[in-house]
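Student: I have a model open here and would like to go through it. Can you take my questions one at a time?
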Amino acid sequence: MRRYFLLFGALLWLAAAIGGCAGGAATPAMQMSSNAPADADFGMTRTSDGGLFQVTYTPALEPIAINELHQWTLHVETADGLPVDDAVIAVSGGMPEHNHGMPTEPAVTEALGNGDYRVEGMQFQMGGWWTITFVIDAAGQQDSVTFNLKL
Ligand SMILES: [Cu+2]
């Protein structure tokens, strides 16, 4: 009897995994891991790749729940700690090991002043390792920052 419950549970898990990964129906279950590299930085404040900006995200939903649409506030400073206003910021995200993106198309919808920006449309359809990348254009310079999340 116990065997049947285990099999049923495995099928449920597989269905959930496939359902959560658009286009991943052909992905073998063995490849469905979502482990970040051992040295991945999960901090909510990071320096952008080129060192131009210090960027901090604050989710309106804490902790972040799966499948719940919510906002983030992004705070952008120069390397010297001065708030960066009038930036143009693009958002993208996904699960690197699953080759899928987010179910939504998040966007910065409002500059709030003092280096803060409202990010709308944040939603994650499954648990695991996610990366969210912000490409920041400000004062004629561009740099990007990628945050790691474990959901
Ligand atoms: Cu996934």
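Student: What pattern does the chain follow, read along the sequence?
Tutor: The pattern is α-β-β-β-β-β-β-β-β-β. That makes one helix and nine strands. Helices (H or I, at least four residues) and strands (E, at least two) are DSSP runs, numbered from the N terminus. This is a predicted model, in which local features need pLDDT of at least 70 and side-chain atom pairs count only at pLDDT 80 or more, while totals for chains, interfaces and linings use all residues. Residues are numbered from 1 along each chain as its sequence is written.

Student: What pLDDT does the chain average?
Tutor: The average pLDDT is 86, and 78% of the residues score at least 70. The pLDDT is the predictor's confidence in each residue, from 0 to 100. Over residues 1-19 the pLDDT is below 50, and beyond near neighbours in sequence this stretch has four contacts in the model. Residues 22-31 also have a pLDDT below 50, with nine contacts beyond near neighbours in sequence. Two residues are in contact if their C-beta atoms, placed from the backbone, lie within 7 Å.

Student: On to the sheets. What is the strand order in the open sheet of five strands?
Tutor: The order is β1-β2-β3-β7-β6, with antiparallel pairing. Two strands pair if DSSP finds at least two bridges between them. β1 and β6 stand at the edges with a single partner strand each, so one side of each has no neighbour in the sheet. On average, neighbouring strands of this sheet are turned by 25° against each other, direction ignored. The axes behind that angle are lines fitted to C-alpha atoms, for helices over the stretch in contact, and angles run from 0 to 180 degrees between N-to-C directions.

Student: How many bridges join β2 to β3?
Tutor: Seven, with the two strands running antiparallel. Threonine 56 has histidine 75 in β3 as its bridge partner. β3 is also joined to β7, by five bridges and again antiparallel. There, histidine 70 stands opposite methionine 122 in β7.

Student: And how many join β1 to β2?
Tutor: Three bridges join β1 (residues 45-47) to β2, and the strands run antiparallel. Threonine 47 is opposite glutamine 54 in β2. The hairpin of β1 and β2 has five residues between the strands, and glycine 51 takes a positive phi near 80° there.

Student: What about the hairpin of β6 and β7, how many residues are between the strands?
Tutor: Two, and asparagine 114 takes a positive phi near 55°. β6 and β7 pair over five bridges in the antiparallel sense. Glycine 113 stands opposite aspartate 116 in β7.

Student: Which residues touch the most other members of the largest nonpolar core?
Tutor: Phe53, Leu74, Val76, Ile89 and Phe134, out of 22 residues in that core. β8 (129-138) is one of the elements that give two or more residues to the core, and the largest share, four residues, comes from β8. A nonpolar core is a set of buried Ala, Val, Leu, Ile, Met, Phe, Trp, Tyr and Cys residues joined through C-beta atoms within 7 Å.

Student: What is leucine 74 in contact with, leaving aside neighbours within four places in sequence?
Tutor: Its contacts are Val55, Tyr57, Ile89, Val108, Tyr117, Val119 and Phe134.

Student: Where is glycine 81?
Tutor: Glycine 81 is in the loop between β3 and β4. Glycine 81 is exposed, with 8 other C-beta atoms within 10 Å. Its C-alpha atom is separated by 8.5 Å from that of phenylalanine 53, 28 residues apart along the chain.

Student: Last one. What is the order in the open sheet of four strands?
Tutor: β5-β4-β8-β9, with antiparallel pairing. β4 (residues 88-95) and β5 pair over two bridges, and glycine 94 has glycine 101 in β5 as its bridge partner.

Note on methods:
Buried ≥ 20, exposed ≤ 12 C-beta atoms within 10 Å, placed from the backbone.
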